[in-house]
Amino acid sequence: TGMCNELLTKLNWLFTKKKLPTSLVVSKLNGIGEVESAGVLEQLKWIHYFIVINEQKYTEICKIINDDEQLYNYLKSDDSDIGKFFNLLILNHGHRCYREAEMRQQSWAQDPTPILQNLRMMLNDRHIKIDKPKTPSIGNSIPYSEYFLSFFYPLAKNGIRLREHTKSLTIKLQNQLKKAYRILGRLLCKKLLLPNNDWDLIFFLKHDEIGILI
């Protein structure tokens, strides 16, 4: 906390007194790289890229683009770079989803529909550009600010990486709990302890209510 307060104080001084341009800070923090959450979009871009540069694959995928099941099976079983990147995406980020804190929300590995929808939208435009990461440069700046930013921006970047990695691990753990609740819900249905064979009702019960049922 003390270090953060000191950093904020110094940044405020640089912006107000030394007229440090905000573009300098942006350029330093741009292209952090290895941020786990950014890997989803990056891998989707590469899947899109390998599809559009291959006329045969592009034609085949366009024929089944609106059928989620066929599209998923095609990408999953493809032995080219398209399939490799798709399977890597599911392996590395399949535990994630939208509304990740919602226990009822299925992960992308269980329901890849959101991934397929994003890919479908990207394929509406074959013209894409994948930028290679650029090494940020301070350029001509105030000597003190150059020293200050050169010292602190690696700390800021590492902090962002660690934050995103920790978040991903937390979501991965939560995803295991989601799976466990679904298994318990199905077991309760088999025992006829949930009405209408609706295992999804498990998410609407308190723990003490589940204990009573069991």
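A residue counts as buried when its relative accessible area is under 20%, as exposed when that area is over 50%, and as partly exposed in between. The structure described here is a predicted model. Under this definition, both Lys57 and Asp78 are buried. These two residues also form a pair: their side chains meet in a salt bridge, with an N to O distance of 2.5 Å.

The chain as a whole contains nine helices and zero strands. Read from the N terminus, the order of elements is therefore α-α-α-α-α-α-α-α-α. Of its 214 residues, 32% are classed as buried. The accessible surface amounts to about 13900 Å², and carbon and sulfur atoms account for 57% of that area. Where contacts join residues at least 6 apart in sequence, 67% of them connect residues at least 24 apart.

Side chains of opposite charge can pair when their charged atoms come close. In this model the count of salt bridges comes to three. Besides the pair of Lys57 and Asp78, a salt bridge is found between the side chains of Asp68 and Arg120, at 2.4 Å from N to O. This pair links distant parts of the chain, with Asp68 in helix α5 and Arg120 in helix α7 (residues 113–122), 52 residues apart. Asp68 has a relative accessible area of 25%, which lies between the limits of 20% and 50%, and is therefore partly exposed. Arg120, with a relative accessible area of 17%, falls under the 20% limit and so is buried.

A further salt bridge joins Asp200 and Arg104, whose closest N and O atoms are 2.5 Å apart. Here too the pair links distant parts of the chain: Asp200 is located in the loop between α8 (143–190) and α9 (207–213), and Arg104 in the loop between α6 and α7, at a separation of 96 residues. For Asp200 the relative accessible area is 17%, so this residue is buried. For Arg104 the value is 39%, so this residue is partly exposed.

Technical notes: Residues numbered from 1 in each chain as written. Predicted model: local features only at pLDDT ≥ 70, side-chain atom pairs only at ≥ 80, totals over all residues. Heavy atoms only, no water. Helix = DSSP H or I, 4+ residues; strand = E, 2+ residues; numbered from the N terminus. Buried < 20%, exposed > 50% of the residue type's maximum accessible area, 1.4 Å probe, protein only. Contact = heavy atoms within 4.5 Å. Areas by Shrake-Rupley, 256 points an atom, 1.4 Å probe, with all protein chains shown as cover. Salt bridge = Lys/Arg side-chain N within 4 Å of Asp/Glu carboxyl O.
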